[in-house]
Amino acid sequence: MKFGKIFKKQMVPEWVEAYMDYNGLKRILKQIRSYKHSKLTRVASRVSQQAEALHRSFSGLSFHHRNYSEGGGDIEEQVIKVDTVVVQQDDDDDSRKLYKTKFLKKSEEGSEFEESFFKKLDENLNEVNRFYREKVEEVVEEAALLDKQMDALIALRVKVQKPDASNLNLEKHPSDKVVVDVDDGSDDSTMRTPGNTDVVHGIDRTSIPEEEASHIVTDIVPVSHTDGDEEEGGDKQDLHEILERVKMNNALESPISTLKGFFGDSKDDEPISKKGLKKAEEQLRLVFSEFYQKLRRLKEYSFMNLLAFSKIMKKYEKIASRNASRNYMKTVDNSLIGSSDEVNRLLERVEVTFVKHFSSGNRREGMKCLRPKVKRERHRVTFFSGFFSGCSIALIVAVVFKIESRKLMEKDYGTAYMANIIPLYSLFGYIILHMLMYSANIYFWRRYRVNYTFIFGFKQGTELGYREVFLVSTGLAVLAFICFLLNLQFDMDWKIKAHNTLPQVIPLGLVTIVLFILFCPFNIIYRSSRVFFLRSLLHCICAPLYEVTLPDFFLADHLTSQVQAIRSLELFICYYGLGEYMQRQEKCHSHGVYNVFYFVVGVIPYWLRFLQCIRRLCEEKDSVHGYNALKYMLTIIAVIIRTAFELRKGRNWMIMALVSSGVAICMNTFWDIVIDWGLLRRHSKNPYLRDKLLVPHKSVYFGAMVVNVILRVAWMQLVLEFNLKSLHKVAVSTIISCLEIVRRGMWSFFRLENEHLNNVGKYRAFKSVPHPFHYYDDDETDDKDD
């Protein structure tokens, strides 16, 4: 694999724009090579008149050798001169260094290409250093906050374990002793070998094959560790002095805390119990884990950019036949990204602190938590996915053959029988289709480098790939089709065996199996993913009592496309709870209670989403969430009126349903395209799209907008009820519900793409974990006393 592909693969997706423009520099080198080739061709054409030199003009080797000796044969001959310019910052007293390369061969023909190459190279180096400096300053500030958090945690541990202790002095947190200095001009680094500028992070970058570069970045670890003896004589802090400055952060994360905060019953001065301390420890454990991942990504960013500068300079030497790499790489090595060692020190500090305070001194367990293993693709997943796919296709053929061979649809009771059994099995069809769309989304998210694992907050190593999701969906499809085929087999002679209830219990058994797998507490069938799904589902059901996160409202949006599936669950309750299966006829609509819940079930997904918007409006004070809540309220009104028309009919209900549904469709379509997808920007670089696009073909976006509008309008068929003689009403409803699931799957891809691009614009590559303690500074304490 070429280095350019490795470099792109190893990029932090949200930091793509901050990396060196390796491909852009390669394009300039191609121009230099083209010019050199054309120059050699012109020279060769002049000497081609000599018959005895015909073979030399054809090969061009002799002229290439002559050009090499003229342009860069002398090793001591200087090609470039790199100047350092110190720029003073306007907002503070800090200064930073900018590098400007002067090309010393301007008199040569075609030198403008090489000048543009070094100009762009300098721009990249300065930009990489600027970004790296900003990120290092951020992690240094965050490390200072974590030091205070650890001081507070240690003090509270002592207080909880020894509540009667007094006049206790705590040893200063060992990581406070490490002095971190962000300086552009630092020339020394503990990670460098004296006299060897090609050693980066303890690795000789000149000896790295391109195919191994992708594996090196994951194995970079600090080469030194803090000696425990150095911690003995640390500074002491008074326990009561620390506790006076500390207060627990009461985040409204649970229903109880939300209700207490709403009714003003939240007490900040409650005594800290062992349970509260344990919760704070778990929260701080997550903070340290996320901070460590940020440091690792920052170190990988440094390493890969240094490697890219080295690779591009070697390409320049090869193409231009000039010895400029050593001179320029000295400048790169002496720059901030090449000489700074702050990230290594912070990595070491985090490891020492985490192992000591969160893993009882067990380094192996501590490092296992800090550096979880990357999930590996398993061949058996691919095998069983293909196996279940083939079985599903074979079962579909068997079902069709069974119906056609018995000519079920031509019999008097055939249509009524299918209208009775299809709603029971359509529930599984909706779930399977939704999972297949999710599998396709994961595939395209990975292909276009959408960091969906970060957006959803999946724990590293537990996220499902598209193969795993496809495996689960095809496995469920095989199970559902087997049950459906057995149901048909038992029911073909149901007129004779009128009291045979076994076929009617098969769908209930299938639901029981699915629910058992979903709620199974054992670590089988992707337990972590099932727990994540159930937790998000609980947050949706209990809205607005839980804090709304992206996975919660993303799942709630998908539930709005599964109204028919939720109504199928209601049908199961009626069908088996009220004994309808005994008569083999579905007459649930004759029950008044069922009709009431038929209204409620259709509204519930939109109502949950409405409550989520209200909570976000109250917390974030952003009017966009208010407009979003209005959108869902209009949809709720449309669903209620359309359901009333479905049950009661009548011209007046039809007109009201058409008007309300039309308004809701217009509002939802506008929100899908403009807000959720971020498209239809008139003044963007891509007219009527947006400035940044991950899919290279613009027609995909225009096609998606058209398809979204068509599938939104298809919902009107449930109101208009066009006379489709070839399709039963149940079949039409099932098809439209499947189209809505397909639309939601398409919406999901562009929704997450837009979210990812927003993160890229803000260089937001890590989730923000709230700290468990609020630590008052001296100024804040004085203000409280006043």
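Figure 1. Cys-666 counts as exposed, at 56% relative accessibility. Cys-540, by contrast, counts as buried, at 0% relative accessibility. Here, buried means under 20% relative accessible area, exposed means over 50%, and partly exposed lies in between, using a 1.4 Å probe and protein chains only. This and every other view comes from a predicted model, in which local features need pLDDT of at least 70 and side-chain atom pairs count only at pLDDT 80 or more, while totals for chains, interfaces and linings use all residues. Residues are numbered from 1 along each chain as its sequence is written, and side-chain values use heavy atoms, with hydrogens and water left out. How many disulfides does the structure hold? There are zero, where a disulfide would be a pair of cysteine sulfur atoms within 2.5 Å. For Cys-540, the nearest cysteine sulfur belongs to Cys-542 and is 9.6 Å away.

**Figure 2. Confidence along the chain.** Let's look at pLDDT, the predictor's confidence in each residue, from 0 to 100. The mean for the protein is 79, and 75% of its residues reach 70 or more. A contact means heavy atoms within 4.5 Å. Where pLDDT is low, the predicted coordinates should not be read in detail.

**Figure 3. The largest nonpolar core.** A nonpolar core is a set of buried Ala, Val, Leu, Ile, Met, Phe, Trp, Tyr and Cys residues joined through side-chain atoms within 4.5 Å. Which of the 77 residues in the largest core touch the most other members? They are Phe-117, Met-313 and Tyr-316. Helix α9 (residues 274–320) supplies the largest share of this core, 21 residues. Neighbours within four places in sequence aside, the contacts of Met-313 are Phe-117, Phe-118, Leu-121, Ala-324, Ser-325, Tyr-328 and Met-329. Another core, of 33 residues, lies apart from the largest one and includes Leu-433, Ala-477, Leu-510 and Ala-565.

Figure 4. Leu-464 sits in the loop between α16 (452–456) and α17 (466–491). Is Leu-464 buried or exposed? Its relative accessible area is 15%, so Leu-464 is buried. Among the residues that Leu-464 touches, not counting those up to four places away in sequence, are Lys-375, Ile-442, Val-469, Tyr-526 and Ser-529. Leu-464 and Ser-529 are 65 residues apart along the chain, yet their C-alpha atoms are separated by 7.4 Å. Ser-439 belongs to helix α15 (residues 414–447) and counts as buried, at 5% relative accessibility. Beyond four places in sequence, Ser-439 is in contact with Tyr-466, Val-469 and Phe-470.

Figure 5. Which residues of α26 are buried? They are Tyr-701, Ala-704, Met-705, Asn-708, Leu-711 and Arg-712. The face turned away from the buried side carries the exposed residues Ser-699 and Ile-710. Helices α25 (651–676) and α28 (729–761) are among what covers the buried residues of α26.

**Figure 6. Backbone details in loops.** Ala-543 and Pro-544 are joined by a cis peptide bond, with omega about 5°. Pro-544 is placed in the loop between α19 (527–541) and α20. Leu-680 lies in the loop between α25 and α26, and its phi is near 60°, a positive value in a residue other than glycine. Tyr-688 is also in the loop between α25 and α26, with a positive phi of about 65° although it is not a glycine. Leu-680 is partly exposed, at 40% relative accessible area, and Tyr-688 is partly exposed too, at 45%.

How values were computed
Helices (H or I, at least four residues) and strands (E, at least two) are DSSP runs, numbered from the N terminus.
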